[in-house]
Amino acid sequence: MGWRGGGIVTALLIGGERITTASGGDYQHIYPATGQPNAVVPLAGASEIERAVASGWQAHKAWMALPVDRRRDLLIDLADVVHEHLDELALLNVQDYAVPVSYAGTALMLERFLRHFAGYVDKPHGSSTPVQGSFDVNLIEREPYGVVGVIAPWNGALAVAGSCVAPALAAGNAVVFKPSELAPLAALRFGELCLAAGLPPGLVNVVPAGAEGGDALARHPGIRKIHFTGGGETARKVITAATTNLTPVVAELGGKSANIVFGDADLQTAAALSAHQGPLMQSGQSCACASRILAHDSVYDEFVDIFLARIAAAKIGDPLDPAVSFGPVISQAALDRILAVIADADNRGSGELLTGGGRLGGELAQGYYLEPTVFGGVDNSSDLAQTETFGPVVSVIRFTDDDQAVSIANDSRYGLNAFVHTRDLVRAHSVARRLESGSVWVNQISQISPQGPYGGYKQSGFGRTGGLEGLYEFLQVKNIRIGMG
Ligand code: TXE
């Protein structure tokens, strides 16, 4: 990957070939920490998608022609190559979306998912069953789809490469991987590392694109399954496009996660975890953002004091500074949108502004920096509490008892994550079972691991990544019955 015109020259990666001009035009990628261009990104259009799908089908055949232990070892080799490039990938994440380099999470996640799913390649994932009234042999086989499409959001291309591309490959598929135009760099480098590890060219094609290329991918007849990660509005467009060929879709969408602090919680720990999981991690630009903090009346004031102190202690600044934990939001448009959310909440009296609320100036004025923002005493029926903000803005909401906490937490169209802080594990279990969300984290932050399934309830999506559920999303079931006379 070279530099041109003050920015990185990127290229699509199709069939192992770097393509630097594409029918989707060139996208001038802006570095959010400075508001300045740092890369020129050719965007895939329909013709490049066509090439990528055709290349995928050739590579799929080559991949399945390899014995399972060879495929397993190649995925382990890829994990090793990713491990050797963790620092570079973390820096490319910074170039992509100005996430602080101290947050190396997604590159590490990629390696872990690769190692985990390499382990499935040569393990049985079919079965056989006796059948009534005969001695026929009945096999239940799980087969790859062939070529699948993976569409990633800007805030976690490497996380999606791990949670989706890794299991898809382990299941035997080729992948057309479409990162967001807002964050293509780390994903493109991942595609190069796949080639360096010895994977067949075309097994992982990386095609940065916007809506045009994404739509072409979603409606392509050669794409047999789609895994989409992003917002609900876009998901509707992807699902509609996928109906062209009745292509199945898995959707990992947004959230408005409740973070319940009970009266018996260790408040120092709860405040530290809640600050990280709330406005600070990726500047609140995470589907797992704990954006609705429910605090029991008995500890509300004390918790808020500790929580605000934790947020004030966060180092805000240059994402390349290892001491920094809070960076800018992704774009001018996001900055304007989030400031409008804050102003609207203020005007409606949805809660009391306890800290933040404005754009950061001084040496940060060129970047899209927002102050970490907290509203207190928020009404859960307000738009502030009901709509995903996808920025460093969180609400603190009072509750008086367990039933009310569960009721408030579930009063949301989303259901991706929920967080519970309590020393009482009977309460933790009983509350966890009543929360309508795909993941519940007790005295923990959203430590997504390859072993555990991750995904949403309600409008946070359907389908899972991680674990056997995540593998089976990329396998289709065939029943074979052999007459024995
Ligand atoms: O999403 P967008 P963004 C969610 C997060 C938030 C959103 C932010 O909660 O709602 O993602 O990410 C492509 N046809 N999650 O802004 O705009 C687009 O180019 C096909 C949840 O990126 O929905 C990008 O690659 N594709 C997640 C992708 O869709 C289209 C974790 C997503 O874009 C398209 C991270 C079209 N018409 C973020 N239009 C989780 N649940 O794990 C755009 N795209």
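This is a predicted model: local features need pLDDT of at least 70, side-chain atom pairs count only at pLDDT 80 or more; totals for chains, interfaces and linings use all residues.

The side chain of R115 meets that of E111 in a salt bridge, with 2.9 Å from N to O. E111, by contrast, is buried, at 10% relative accessibility. These two values fall into separate classes because buried means under 20% relative accessible area, whereas partly exposed lies between that limit and 50%.

Both residues belong to helix α4, which covers residues 105-121. Because E111 and R115 are 4 residues apart in this helix, about one helical turn separates them.

## Other salt bridges

The whole structure contains 22 salt bridges. One of them joins E436 and K458, whose closest N and O atoms are 2.8 Å apart. This pair links distant parts of the chain, 22 residues apart: E436 lies in the loop between α14 (425-434) and β21 (439-442), and K458 lies in strand β22 (residues 457-458). E436 is partly exposed, with a relative accessible area of 37%, and K458 also counts as partly exposed at 37% relative accessibility.

K315 is partly exposed at 40% relative accessibility, and D321 is partly exposed at 25%.

## The ligand and its surroundings

The ligand is surrounded by 29 residues, of which A152, G231, T234, L253 and E388 are the closest. Sorted by type, the shell has 14 nonpolar, 9 polar and 6 charged residues.

A polar side-chain atom of E388 is 2.6 Å from a ligand oxygen, and a polar side-chain atom of K178 is 2.9 Å from a ligand oxygen. A209 takes part through its backbone: one of its N or O atoms lies 3.4 Å from an oxygen atom of the ligand. On its own, the ligand has 850 Å² of accessible area, and the protein covers 86% of it. The elements that contribute two or more residues to the shell are α7 (211-218), β12 (225-229) and α8 (232-242).

## Two pairs of parallel strands

In a regular strand, side chains alternate between the two faces of the sheet. Strand β20 (residues 417-421) pairs with β21 in the parallel sense over 4 bridges. Within this pairing, F419 has W441 of β21 as its bridge partner.

Which residues of strand β14 (residues 258-261) point one way, and which the other? A258 and I260 point one way and N259 and V261 the other, and all are buried. Strand β14 runs parallel to strand β15 (residues 292-296), and 4 bridges join the two. In β15, I293 is the bridge partner of N259.

Definitions and conventions: Residues are numbered from 1 along each chain as its sequence is written. Side-chain values use heavy atoms; hydrogens and water are left out. A residue is near a molecule or strand if one of its heavy atoms lies within 4 Å of it. A polar contact is a pair of N or O atoms within 3.5 Å; within protein, one must be able to donate a hydrogen and the other to accept it, and residues adjacent in sequence count only if both atoms are side-chain atoms. Accessible areas come from the Shrake-Rupley method with a 1.4 Å probe; for residues, only the protein chains shown count as cover. Ala, Val, Leu, Ile, Met, Phe, Trp, Tyr, Cys and Pro count as nonpolar, Asp, Glu, Lys and Arg as charged, and the others, Gly among them, as polar. A salt bridge is a side-chain nitrogen of Lys or Arg within 4 Å of a carboxyl oxygen of Asp or Glu. Buried means under 20% relative accessible area, exposed over 50%, partly exposed in between (1.4 Å probe, protein chains only). Two strands pair if DSSP finds at least two bridges between them.
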